[in-house]
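Please keep the sequence and the model at hand while reading.

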Amino acid sequence: MYVAKRSLLLIGETELQCRPMARNLRLLCPVETRALRTSASLPAVVPDAVIVSGVAFTQSGSLGDVQKALRPFLDSNVPILCLLDNPSARDDVQARALGASAVLAADTPLRRVADVLHTLTRRGGGLRRTERTVAVEAAVADVGVAIADLMASAASKQTIGVGMTAEASRLLLDTIRDNDVGRWMETVSEVHDQSYRHCLLMAGIMAAFVVSLGFKPDDCDRLTRAAILHDVGKALVPTEILNKPGPLTDAEMDQMRQHPSAGYELLLAQGDHHRTTLRVARHHHEYLDGSGYPLGLKGDQIGDEVRIATICDVFTALIEKRSYKPSLTALQAAELMAPMRGKLDPDLLRLFSRLFVAEDAAVDA
Ligand SMILES: [Fe+2]
Ligand SMILES: [Fe+2]
């Protein structure tokens, strides 16, 4: 997974036009954006690379503007990547004449963009990237983009694609079956955006858990799809609350706690999501002793698929790093969850701990 030491600078025709590309790139690392004809000052810190995206090189006016925008970076040898809509050979030559180190089509998959950035910035030159690592990085990038798209659809109350969820689930399960979940967790930990990182991590952990439980392929798929969309309701929570770098106030916590019901309502209204997805989205914060939310369900009111999701979600939150808390190892998280047997299903928790404690020990060995 490409990780910037500092950040990337994305230059486009307008700030608005930069947004979709910036959103995808933020799965990899911090990104600053600039409109082409802006008077905004250069970033305080020299970026690792500059990306020019969606600029029409055929318009002579744009060429001059691009040249002007890139000049400061040419002097300091910052690599420049141009992403162009259907680049012709002429566009390619023109971009390189302006100082571009590489030119790619704007619809190039994120994993390929990450690879090119990796090469251009020479980061990780000393790292051994095995074929398996590259395959997991590619899958994390693809599933990450799918989750970003699904969350964006939810935020604008558009259709949350069942097909896209199914494709992400298939890719995730294939990757988990071919690689150990530790590799998935390690790769996802480098995803920059906190909310997509949580969904990627939780879904990978849940996929690994259900595969380890010996569920049939269709059931693994059903549960992995539910995991991918479990926090879809967070797309409707204000980003200031979601990304707040510290503990939430009571009022903010109330808003945050709306996300299971909000996600459920949204998925229900669309009519074509499986009932497992609906149940997991609605109930993944319920605890067996009735202390959870939103409904305070107890014991038998909570089905097995939700019990599985809750264990995976609690574990994910514990091992994640957040600005206000350190991350725990799998072993520490499992130890912390052990006294939660009144809240979490004890049999499933035992099976889960066995799987991940073994992972942790294997990683540490
Ligand atoms: Fe949640
Ligand atoms: Fe969650």
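In helix H1, which spans residues 15–25, the buried residues are Cys-18, Met-21, Asn-24 and Leu-25; a residue is called buried if 20 or more other C-beta atoms lie within 10 Å of its own, exposed if 12 or fewer, and partly exposed in between, with the C-beta atoms placed from the backbone. These residues lie on the same side of H1, because they cover an arc of only 120° around the axis, where the arc is that of the directions from the helix axis to the C-beta atoms. Helices (H or I, at least four residues) and strands (E, at least two) are DSSP runs, numbered from the N terminus.

The model is a predicted one, in which local features need pLDDT of at least 70 and side-chain atom pairs count only at pLDDT 80 or more, whereas totals for chains, interfaces and linings use all residues. Residues are numbered from 1 along each chain as its sequence is written, while chains are lettered from A and ligands numbered from 1 in the order in which they are written.

The protein chain is divided into domain 1 (8–121) and domain 2 (131–364), with bounds that come from an automatic or database domain assignment. Taken over C-alpha atoms, the centres of domain 1 and domain 2 are separated by 34 Å. The contact between them takes 11 residues from domain 1 and 11 residues from domain 2, two residues being in contact if their C-beta atoms, placed from the backbone, lie within 7 Å.

On the side of domain 1 that touches domain 2, H1 and helix H4 (110–121) each supply at least two residues, and H4 gives the most, with 3 residues. The residues of this side of domain 1 divide into 7 nonpolar, 1 polar and 3 charged; here Ala, Val, Leu, Ile, Met, Phe, Trp, Tyr, Cys and Pro count as nonpolar, Asp, Glu, Lys and Arg as charged, and the others, Gly among them, as polar.

## A covered strand

Strand E4 (residues 80–84) is mostly covered, since 5 of its 5 residues are buried. Ile-80, Cys-82 and Leu-84 point one way from E4, Leu-81 and Leu-83 point the other way, and all are buried.

E4 pairs with strand E3 (residues 49–53) in the parallel sense over 4 bridges, and Ser-53 stands opposite Leu-83 in E4. With strand E5 (residues 102–105), E4 also pairs in the parallel sense, over 4 bridges, and there the bridge partner of Cys-82 is Val-103 in E5. Two strands are said to pair if DSSP finds at least two bridges between them.

## The largest nonpolar core

The largest nonpolar core has 97 residues, of which Ile-147, Leu-200, Met-206, Ala-207, Ala-227, Val-232 and Cys-312 touch the most other members. This core draws at least three residues from each of domain 1 (8–121) and domain 2 (131–364). A nonpolar core is a set of buried Ala, Val, Leu, Ile, Met, Phe, Trp, Tyr and Cys residues joined through C-beta atoms within 7 Å.

Leaving aside neighbours within four places in sequence, Ala-207 is in contact with Leu-172, Leu-173, Ile-176, Cys-220, Thr-224 and Ala-227. Met-151, placed in helix H5, counts as buried because it has 21 C-beta neighbours inside 10 Å. Not counting residues up to four places away in sequence, Met-151 touches Val-232 and Ala-235; Met-151 and Ala-235 are 84 residues apart in sequence and 5.6 Å apart in space, C-alpha to C-alpha.

Asp-193 lies in the loop between helix H7 (181–188) and helix H8 (194–212) and is buried because 23 other C-beta atoms lie within 10 Å. Leaving aside neighbours within four places in sequence, Asp-193 is in contact with Arg-26 and Leu-27.

Asp-313, found in helix H14, counts as buried because it has 21 C-beta neighbours inside 10 Å. Not counting residues up to four places away in sequence, Asp-313 touches Met-202, His-230 and His-284; Asp-313 and His-284 are 29 residues apart in sequence and 7.6 Å apart in space, C-alpha to C-alpha.

## Backbone features in two loops

The peptide bond from Tyr-293 to Pro-294 is cis, with omega near 5°, and Pro-294 lies in the loop between helix H13 (275–283) and helix H14 (304–319). Lys-157 has a positive phi of about 55° although it is not a glycine; this residue sits in the loop between helix H5 (131–155) and helix H6 (162–178). Lys-157 is exposed, with 12 other C-beta atoms within 10 Å.
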